Amino acid sequence: MKLNKKLLISIPTVIAFLSLFIMVYINSTNLNMPFKNYSNFLKDVDNKIVRSVNLSPSSKIEIILNDGSKYLTDNPNSLNLKESLLKNNIEVNLNSSISKIQTVVSLSFIVSIIFIIAFFMSNRKTKGGISCIDTQDVSSSMANNFNFNSVAGNDEVKENVKDIVDYLRNPEKYKKYGARMPKGIILHGDPGTGKTLIAKAIAGEANVPFYAVSGSDFIQMYVGVGASRIRHLFKKAKSNKKAVIFIDEIDAIGKKRSNSTNGSSEEKDQTLNALLTEMSGFNESHNIVVIAATNRLDVLDSALLRPGRFDRHIEVALPDISAREKIISLHLKNKPYNNFNLKDLAIKTAYFSGAKIESLINEAAILACKENAPYITEYHLDKSFSNIIAGYEKIDKTSLTSKDKEITAYHEAGHALVSLLKLPNEKVSKISIIPTTKGAGGYTLSLPQDSNFQTMEYLTNKVMVFLGGRASEEIIFGEKNITTGAYNDLKQSTNIIYNMIAEYGMGESLGLIRVSGMPDEVKNASSKMIFDECKETIETLYLDTKNIILNNIDTLNVLAQSLMEKETLHHNEILNITKS
Ligand code: ADP
Ligand code: ZN
């Protein structure tokens, strides 16, 4: 809260307390006054010892006698009381000074309370979504503490955003070439993989203000509020020459639009539209980059992903073993530690996100501190490790992990091996057993050759590469131990085979006939034939794939072993391993 706001709220607060105090005081002095029954008061009137009466609307009235003493009596609230008193030569004060004070005091109490309530209500309205950008200097200086050295590992991501930093640093250079920078980047990946950190690092490296909001702040708001917050956010950002806007959890506003027309989805649409409008409203003079983060790219509305919007998508993956070692040493920097091997810890923390590693080390530091130990040691880390694992998982994950790792390693090695043998022109650029957000246990990336069409031979080989994962699992672990890991592979290979037979005229049962678009009778009549041929084809290809793997089982073993050790293998490493 700013200083003048504090002043604004402290004045009515003081007044409210003061009035409360005065009211209590007046009441207590009133209470100290003696009290007489009304009938006794009337006797006093008859005895002519009453000098004056202070009439007021309250329940008690104040009586002053000739000798100066005072007392209270019940207020009869009668209209002719005043007349009868005057007839008796008694002075009548309609508004005693006390009751005047009372009125003023209670009025000022009410007014200041109303003011305080109004103040907090209006303050709450501006909070939430963009309160963090109310004071822009704070958020920009926040990002100033971050740069690419704050992010360990994630080298490919850093490489991918370098030009953005360069552009934010000297946009003139890019303008000379007429180059348009991406307006929006989406960082996608598991929670805790460092997406926010990277966004801050980009702003920090470029030394520009950093505005952060979260998509979840926009849900469950009244229609129109989210949209106006977006406009406000962009207005703020545009008031700087350069800025980074970070929208965490973009899926909360940018999910694929559904047909349901309830209030919350209408609100989402309005917010999303406001975002899209603002982004298309940028021109050359606005050097603003919008970075959005999500755990899942596939749920986002395609309108968001179109060119000119968030057209650069960067996956932020879970760290592999060498990245984990870097993250560990980054978070141990400036902490006293002794007597343990960073590499061992990196091995142990398989499938940990950067955030999980950070909390592991922080927990160990707290344990060491509690014990007044001179250093963080392996003992503290072990203890913290068990705490973290217990927090995340009920069962012992370490034993599970090593078995999981082995299965995934053989599965991916199977894909890679078949790819190397059957599609030698496709470069296998990377194999990893680190899971991705797409739900796969690991992945094998190959770069297909550029071509306008695909040959029948290519398609069959491609199917064999897809089947290589399951085939390897079956050969190594036995028929009964095959896993669900091949789910997506089977989906893809079935698709290819079906299309070959039903769409591309590459099968036997239909020949050159293409059934889609034909009358239902034709489709129904041919469906069994198509099914049978698909089944036969995939079974033959699966047998072939198993044979290829069996004939090269040594290479499979070496690939799988080094995958287990290093978790990620790049092109050159793969070539080195398979050459020998
Ligand atoms: P996300 O936005 O992907 O959920 P964050 O960027 O919020 O993840 O990461 C949370 C914390 O985890 C960071 O503040 C940092 O301490 C730690 N962390 C995550 N990834 C890394 C990394 N690559 N290098 C260093 N620290 C990391
Ligand atoms: Zn697979």
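## Close-up views of a predicted model

View 1. H411 and H415 are both part of helix α17, which spans residues 397–422, and they sit four residues apart, about one turn of the helix. Please keep in mind throughout these views that the model is predicted. H411 is buried, at a relative accessible area of 5%. H415 is buried too, with a value of 7%.

**View 2. The zinc ion (ligand 2) and its donors.** Which atoms coordinate the zinc ion (ligand 2)? The donors are NE2 of H411, NE2 of H415 and two OD atoms of D489, at 2.0 to 2.8 Å. Along the chain, these donors follow the spacing H-x3-H-x73-D.

**View 3. The geometry around the zinc ion (ligand 2).** Why is the arrangement of donors around the zinc ion (ligand 2) irregular? The four donor atoms subtend angles of 51 to 147 degrees, and this makes the arrangement irregular. For a tetrahedral label, all angles would have to lie between 85 and 135 degrees, so the 51 and 147 degrees at the ends of the range here rule that label out.

**View 4. Ligand 1 and its polar contacts.** There are 17 residues around ligand 1, and those that come nearest are A152, G192, K195, T196 and H331. For anyone who likes to start from distances, a polar side-chain atom of K195 lies 2.8 Å from an oxygen atom of ligand 1. L197 takes part through its backbone, with an N or O atom 2.9 Å from an oxygen atom of the ligand. On the side of H331, an N or O atom in the side chain is 2.9 Å from a nitrogen atom of ligand 1. Taken alone, ligand 1 exposes 560 Å², and the protein buries 79% of that.

**View 5. The shell around ligand 1.** Which elements give two or more residues to this shell? They are α8 (195–206), α13 (321–332) and α15 (354–370). By residue type, the shell divides into seven nonpolar, eight polar and two charged residues.

**View 6. L85 in helix α3.** L85 is found in helix α3, residues 81–87. Is L85 buried or exposed? Its relative accessibility is 2%, so L85 counts as buried. The C-alpha atom of L85 is separated by 9.5 Å from that of V50, and the two residues are 35 apart along the chain.

**View 7. Two loop residues with positive phi.** As background for this view, most residues other than glycine have a negative phi. N89 has a phi near 65 degrees, a positive value in a residue other than glycine. N89 has its place in the loop between α3 and β4 (91–93), and at 73% relative accessibility it counts as exposed. E249 has a phi near 50 degrees, again positive in a residue other than glycine. The loop that holds E249 runs between β7 (242–248) and α10 (251–254). With a relative accessible area of 38%, E249 is partly exposed.

Definitions and conventions
Residues are numbered from 1 along each chain as its sequence is written. Chains are lettered from A and ligands numbered from 1 in the order in which they are written. This is a predicted model: local features need pLDDT of at least 70, side-chain atom pairs count only at pLDDT 80 or more; totals for chains, interfaces and linings use all residues. Side-chain values use heavy atoms; hydrogens and water are left out. Donors are N, O and S atoms within 2.8 Å of the metal (3.2 Å for Na, K and Ca); water is not among the atoms, so sites may look incomplete. Four donors count as tetrahedral if all angles lie between 85 and 135 degrees; four count as square planar and six as octahedral if opposite donors are over 155 degrees apart and all others between 65 and 115; anything else is irregular. Buried means under 20% relative accessible area, exposed over 50%, partly exposed in between (1.4 Å probe, protein chains only). A residue is near a molecule or strand if one of its heavy atoms lies within 4 Å of it. A polar contact is a pair of N or O atoms within 3.5 Å; within protein, one must be able to donate a hydrogen and the other to accept it, and residues adjacent in sequence count only if both atoms are side-chain atoms. Accessible areas come from the Shrake-Rupley method with a 1.4 Å probe; for residues, only the protein chains shown count as cover. Ala, Val, Leu, Ile, Met, Phe, Trp, Tyr, Cys and Pro count as nonpolar, Asp, Glu, Lys and Arg as charged, and the others, Gly among them, as polar.
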